[in-house]
Amino acid sequence: MNFLWLSCTLALFNLGLTAAVAREVAPGDWPGFGRDAAEQHYSPLADINESTIGRLNLAWYFDIPGTVLATSSPVAANGVLYFTTGYSVIRAVDGATGRLLWTYDPRVSKVAGKRMRAAWGSRGLAYAFDGRRGSVYLATHDGRLIALDAGNGRPRWIVQTLEQGDSRYITGAPRVFNGTVIIGHGGADFGPVRGYVTAYNATTGKRIWRFHTVPGDPAKGFENAAMAMAAKTWTGEWWKFGGGGTVWNAITYDPEFDAIYIGTGNGQPWNWKIRSPQGGDNLFLCSIVALDAKSGRYKWHYQTNPAESWDYNAAMDIELATLTIDGRARKVLMQAPKNGFFYVIDRSNGKLISAEKITKVTWAERIDLTSGRPIEAQGIRYENGSAIIWPGSAGAHNWHPMAFSPQTGLVYIPTINLPGVYDDSAIDRRHWQSSKQMQASFGVNIPSGDIPLNAGNSFLQAWDPISQRQIWQVPNPGLFNGGVMATAGNLVFQGQPDGRFNAYAADSGKALWGFDAQVGVLGAPISYLAKGRQYVAVLAGMGSGAAMLGSPAQQFGWDARSQKRRVLVFTLDGQASLPTKLNRLPEEPLTDTDYVANPEQEKRGDAAYSTRCHICHGIAGIAAGSAPDLRRSPLLLNSDGFRDVIQHGTRVGLGMPRYENLMPQDIDDIRQFLRGRNRASGDAAKGVATNLTP
Ligand code: HEC
């Protein structure tokens, strides 16, 4: 055997493999949600840095029309910026000037028809340099995966990734790697949904493989050995509820192991006692699952919450790094799921390296490193009635991405500190069924009253993933905070719900720069080059989960219709400025002198509202930007007009879903509940809740 020959061939083979597997992303591009395969939300650009940041100013802005969700992350390639807002309307703009190049509107509400679900819009896109002019990939609410010609926005192919008649929808960003595009879906909060991810050929749209995250009906046979194994951890007739485990956000491709890591969501229902009545861990709920990228075959998994019962998604972003731990270089993945721990996991085998609490966590004492399992606290499964637990279902970290800087070795986590109250005492667990009507289907009661302003807080923290401890933290206003980007200029950028967009020194947390965006900023920023200049881009707009949380969200005064959603783009010595501030909506209550309170009806209306409408119109009727504040809607005084919007779908094109199954009586109950809320807000001081029951 000629060893020289062998090693040469191996070297060539390795080179070829590296080129094919992980096309190096040019420093000036940001083609994926987290930029490149490692999903670090880190830019290697450093013209904008600690010393020059004083010169950072607005270069241009782009006004986004409509009452649409604008909390997504753009992508950038070859100096062009692509972004999605609302129901996957994509725009391409010149990265240096903001000039509109093309718009593609997949006409989601028309195509979706009855499939239009009560969920928010799209969170991101993917760009692939595929040898032609490049392709932009987007996934729509109604389940289509679409490849567009990046040059002109014309579709190259369209496939439907969901099954007929189910209650899935897509809000997440597709990921592209190696000629393959992969997408998951959401929906396990609202109906009987069984999670899966599907991989397609990026050039043709042909399906390559699909991996289900939870087992289906055993009578129909299992798709693969992983499902047969997972089924041993379920009891009862779980498949009737779908089981959940949707991959609605985190998908990371690892070129070093040719693996895909998916982060799975909550169970359907959340309540384990209903879902799997004789116990069991319920794989692969709340797990990180590694799959072979070529075949979709199961490699390993790590479950953050065995027997999940609190909506503790492990669907938050999964970021890759090589860290030196105890003198050894370890290829790790990092995740801060909702449950409040920060996990560092060995990518070669899925073994837990470390896990520590990043904020107040009461559901578990710690994670046992030998078994990888949590040491749970007493009473957290609400077996003794109502349980107050930190964190709650908003999570200690939600989908707004964290960032990892290879330069500082730190992770920057937008952190939420808010408890949840869980109670299933009034629920008939034996006869419970998943909803089929677009309403929250948790199997556990969540209190419906307003959230007090002081119920919790939020902050940005720098975390050392090796020593597992906090290095610095800065407070954020309100309960929810924006996604994060780190850069090689020793900078960390983050938006806040009060309308500030800030930069901090990545090593010390020192506040270095800030901008008044005139509206809450929640999307994660990106950085790119256009004509040789470095730009920082972020979408400004208040919406999604951050706008749902009652008074703490509404305190900043952003209104769904009058807020200005924008793309804001900054550069050194930028010369643009925003037009004069818009006035916020007046906070005076609606004049409704005829209203006669009927507590019974208001109570029924509260229950109907709090399982259907609150995700957009806000908890307790207090809205903060996703949709209008219904307490002030003139339609409250017009029973037919109110019913038309809800039952006949007259505003579906504007993002208001159709509830054709709601009975006129239910709709009237909701209307009366909102009239009662309007009266309560008239009695209250501006923006401060009257009903402070947590
Ligand atoms: C997925 C988000 C979403 C959900 C869920 C939702 N809405 Fe809406 N709704 C909207 C949006 C966005 C608008 C604004 C449409 C427009 O621009 O006219 C709206 C508008 C309305 C309006 C018109 C208000 C006005 O003054 O013009 C009413 C009434 C309304 N919704 C009632 C409800 C009720 C009742 C529910 C629950 C049964 C509900 N909505 C659930 C998003 C939502």
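Me: By class, what residues does the shell around the ligand have?
Reply: This is a predicted model, and in it the shell has 18 nonpolar, four polar and three charged residues.

Me: Okay, and which residues are the closest to the ligand?
Reply: Those are Cys-613, Cys-616, His-617, Ser-633 and Met-656, out of 25 residues that surround the ligand.

Me: How far is the side chain of His-617 from a nitrogen atom of the ligand?
Reply: An N or O atom in the His-617 side chain sits 2.8 Å from that ligand nitrogen.

Me: And which side chains have a polar atom by an oxygen atom of the ligand?
Reply: Ser-633 is one of them, with a polar side-chain atom 2.6 Å from a ligand oxygen. Arg-651 is another, where the distance from a polar side-chain atom to a ligand oxygen is 2.7 Å.

Me: Which elements give two or more residues to that shell?
Reply: Helix H7 (614-617) and helix H8 (639-647) do.

Me: Let's zoom out. How is the chain divided?
Reply: There's domain 1, covering 26-428 + 441-572, and domain 2, covering 599-683.

Me: Which of those domains does the ligand shell draw on?
Reply: Domain 1 and domain 2 each give at least three residues to the shell around the ligand.

Me: How far apart are the C-alpha centres of the two domains?
Reply: They lie 29 Å apart. As for the contact itself, 30 residues of domain 1 and 26 residues of domain 2 take part.

Me: How much area do they bury between them?
Reply: About 2,100 Å², with 57% of it on carbon and sulfur atoms.

Me: Which three residues supply more than any other three on the domain 1 side?
Reply: Ser-448, Met-548 and Gln-554, which supply 26% of the area that domain 1 buries against domain 2.

Me: How many salt bridges and polar contacts are there between the domains?
Reply: For salt bridges the count is zero. Polar contact is another matter: eight residue pairs make it between domain 1 and domain 2, counting pairs with both residues at pLDDT 80 or more.

Me: Which helix gives the largest share of the domain 1 side?
Reply: Helix H5 (residues 550-554), with four residues on the side that touches domain 2. By class, that side of domain 1 divides into 14 nonpolar, ten polar and six charged residues.

Me: Where is Asn-282 found?
Reply: Asn-282 is in the loop between H4 and S19.

Conventions. Residues are numbered from 1 along each chain as its sequence is written. This is a predicted model: local features need pLDDT of at least 70, side-chain atom pairs count only at pLDDT 80 or more; totals for chains, interfaces and linings use all residues. Side-chain values use heavy atoms; hydrogens and water are left out. Domain bounds come from an automatic or database domain assignment. Contact means heavy atoms within 4.5 Å. Buried area is the accessible area (1.4 Å probe) that two parts lose on being put together, summed over both. A salt bridge is a side-chain nitrogen of Lys or Arg within 4 Å of a carboxyl oxygen of Asp or Glu. A polar contact is a pair of N or O atoms within 3.5 Å; within protein, one must be able to donate a hydrogen and the other to accept it, and residues adjacent in sequence count only if both atoms are side-chain atoms. Ala, Val, Leu, Ile, Met, Phe, Trp, Tyr, Cys and Pro count as nonpolar, Asp, Glu, Lys and Arg as charged, and the others, Gly among them, as polar. A residue is near a molecule or strand if one of its heavy atoms lies within 4 Å of it.
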